[in-house]
Amino acid sequence: MTTLALGPSWLDPNHLLNEFGIYGLLIIVFAESGLLIGFFLPGDSLLFTTGLLVTTGQLTMDLWLVCVLICVAAILGDQAGYLFGKKVGPALFNRPDSRFFKQENVLKAHDFFEKHGPKSLVLARFVPIVRTFTPIIAGVSGMRYRSFITFNIIGGILWGAGVTLLGAWLGRHALVRDNIEAMLIGIVLLSIVPIVIEFARARGQSKRAVAGAPDPDEPQTRGRHAKR
């Protein structure tokens, strides 16, 4: 099966799986889940392609075992990110930009975490870039470990097994197998929708702040003469 690379050829999911197999897949999932250098890796499309390859027999491993290994790698990746955040602390926000680190990614993840709280660990799994930095921000903020590990496990299973099983299920249909390039492009586009929505919302809030208009997301206070 050949796929259309959605970036450099070495980031093409099919190329990565052909070259490095299941072990390379697990390393990538681990890195993208909580290491600063993993934010650019193709997590969603890679998991989808893995499920498809298992279904078509091009990846010789039981689907249930693949899902278990992916979930474990994702959970451990978030764990590494959380511990890194606790160790680095606020200094992360003062770290200068470099080739593999952009301060704006930290700020996006911080805003995402502040807005959604502990459940951000689940929601962020489905948002590229944000999913890499959110567990780090959880560690920086001193989130209780019991809460972190609970939402970490839930998010890791929903994302790791969910996207892989989706690829396996859709891979049973010839229409999907014959149009895998379009499917991967669709997954990438869907994965950036939350980022676009958050950007549009933040831009709208900024404009309202300048104009002095009330923010519809903020709770409205009752009138002075409201009934008790």
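Me: Why is I154 called partly exposed?

Reply: The model is a predicted one. I154 has a relative accessible area of 38%. Buried needs under 20% and exposed needs over 50%, so I154 falls in between and counts as partly exposed. I154 lies in helix 7, and its C-alpha atom is separated by 6.6 Å from that of V122, 32 residues apart along the chain.

Me: What makes H173 partly exposed?

Reply: The relative accessible area of H173 is 39%. That value lies between the limits of 20% and 50%, so the label is partly exposed. H173 is found in the loop between helix 7 and helix 8 (174-177). Its C-alpha atom and that of L52 are separated by 10.0 Å, with the two residues 121 residues apart along the chain.

Me: How do you know which kinds of secondary structure the chain has?

Reply: The count comes to nine helices and zero strands. Read along the sequence, the pattern is α-α-α-α-α-α-α-α-α. The chain has 228 residues, and buried ones make up 43% of them. Among contacts between residues at least 6 apart in sequence, 74% join residues at least 24 apart.

Me: What makes the pair of E32 and R131 a salt bridge?

Reply: The side chains of E32 and R131 meet at 3.0 Å, N to O. A salt bridge needs a side-chain nitrogen of Lys or Arg within 4 Å of a carboxyl oxygen of Asp or Glu, so this pair qualifies. E32 lies in helix 1 and R131 in helix 6 (residues 130-140), so the pair ties together parts that are 99 residues apart in sequence.

Me: How do you know that R131 and D44 also form a salt bridge?

Reply: Their side chains meet at 3.1 Å, N to O, and the limit is 4 Å, so the pair is a salt bridge. This pair links distant parts of the chain, with R131 in helix 6 and D44 in helix 2, 87 residues apart. R131 has 3% relative accessibility, and D44 has a relative accessible area of 9%. Each value is under 20%, so R131 and D44 are buried.

Me: What makes R125 and D78 a salt bridge?

Reply: The closest N and O atoms of R125 and D78 are 3.2 Å apart. R125 sits in the loop between helix 5 (120-123) and helix 6, while D78 is in helix 3, 47 residues apart. Both R125 and D78 are buried.

Me: Which residues do salt bridges with shared partners join into one network?

Reply: They join E32, D44 and R131. A search of the whole structure finds three salt bridges.

Me: How do helix 3 and helix 7 cross?

Reply: Their axes come within 8 Å and cross at roughly 145°. The crossing of helix 3 and helix 7 is right-handed. The residues of this contact divide into 17 nonpolar, five polar and one charged.

How values were computed:
Residues are numbered from 1 along each chain as its sequence is written. This is a predicted model: local features need pLDDT of at least 70, side-chain atom pairs count only at pLDDT 80 or more; totals for chains, interfaces and linings use all residues. Side-chain values use heavy atoms; hydrogens and water are left out. Axes are lines fitted to C-alpha atoms, for helices over the stretch in contact, and angles run from 0 to 180 degrees between N-to-C directions. Helices (H or I, at least four residues) and strands (E, at least two) are DSSP runs, numbered from the N terminus. A crossing is left-handed if the near helix is turned anticlockwise from the far one by less than a right angle, and right-handed if clockwise. Ala, Val, Leu, Ile, Met, Phe, Trp, Tyr, Cys and Pro count as nonpolar, Asp, Glu, Lys and Arg as charged, and the others, Gly among them, as polar. Buried means under 20% relative accessible area, exposed over 50%, partly exposed in between (1.4 Å probe, protein chains only). Contact means heavy atoms within 4.5 Å.
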